[in-house]
Amino acid sequence: HFFVGAFSFHCFLTSCSGEMDELELQSLYQWVDEVPFSRPKRNIARDFSDGVLMAELAHHFFPKIVELHNYSGTQSVTQKVYNWNTMERKVFRKLNFIVSKEEINEIANCVPGAIEKLLFSFRLKVLQMQQKREHFLTRSPTGGASGISGLEISGGSSGSPAKVSLHSAASSAPASGRGCPPSSVEKSSRAAQEHTSAEVLAQKDATIAEMKETIEILEVKISKLEQLVQIKDQKIAMLQQKLMGSPAAPSGKPRSAV
């Protein structure tokens, strides 16, 4: 476990700006250690700096929205930032999990305490999603939360429980809504609809952002092509002027004396 021996909890207390104390850090490291990673963990700042382990962590809890092949290990800060930006665009936005460019740069540059802050916030997001799943398991009537989310949540204290999707969680709730008064059922259904709308909007925003990036790239390419065309037109015009200004070549060349 990387949080024992190799790390001193006290060295991170000041770097976390008072947001986490020693017990919270220890709990955070234990939570991370429950996830099976593809490579051993020795230094949390360096190990998570390229985003690969973070992608594996996110994939452990949300396997349907994380494609691990998008993230490759690297020592280049530029490539590390690219990995994190990819994860922010393809994963974090779908979870309504906000990560700033400043945070990404700090993590990619192995700034002490930066990854702990992000992991702490991500752990809260995971717990929030798990609580919502439990809520719909116990409170929602059959079909009351239909289509609430395409996100599949897995993982827990045991490290390898069966995956449970929110779709199946909603459909497995009792049809009669026993133990839940009608007003509570209505509130639960209304909350489910609001949650669905928020997630749909988040996914649409992510799609729009990707399309805007693609449009910007195409506009840059078009601009460069237009510049090349202008340069070629100028060269053609210059050559035409030279041809028009040069005297006509004689029909036959005199033979040189041998």
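Author: L119 counts as buried because its relative accessibility is 0%, and the cut-off for buried is under 20%. This is a predicted model. L119 sits in helix α7, which covers residues 114-139.

What does L119 touch, leaving out residues up to four places away in sequence? The list is L28, W31, V32, I44, F48, M54 and L57. Take W31 from that list. W31 and L119 are 88 residues apart in sequence. In space, their C-alpha atoms are 9.7 Å apart.

Among contacts with a separation of 6 or more, 67% join residues 24 or more positions apart. The chain has 258 residues, and 37% of them count as buried. Its accessible surface comes to about 15800 Å². Carbon and sulfur atoms hold 55% of that surface.

The fold has nine helices and two strands. From the N terminus, the order is α-α-α-α-α-α-α-β-β-α-α.

Now the largest pocket. It holds about 270 Å³ of space. Two elements each give two or more residues to its lining: α5 (77-92) and α6 (101-108). Helix α5 gives the most, with five residues. The lining consists of Y82, N85, T86, E88, R89, R93, V99, K101, I104 and E213.

Conventions: Residues numbered from 1 in each chain as written. Predicted model: local features only at pLDDT ≥ 70, side-chain atom pairs only at ≥ 80, totals over all residues. Heavy atoms only, no water. Helix = DSSP H or I, 4+ residues; strand = E, 2+ residues; numbered from the N terminus. Buried < 20%, exposed > 50% of the residue type's maximum accessible area, 1.4 Å probe, protein only. Contact = heavy atoms within 4.5 Å. 1 Å grid on protein atoms, 1.4 Å probe; cavity = no way out; pocket = protein on both sides within 12 Å on 5 of 7 lines; lining within 4 Å. Points joined across faces, edges and corners; volume = space filled by probe spheres on them. Areas by Shrake-Rupley, 256 points an atom, 1.4 Å probe, with all protein chains shown as cover.
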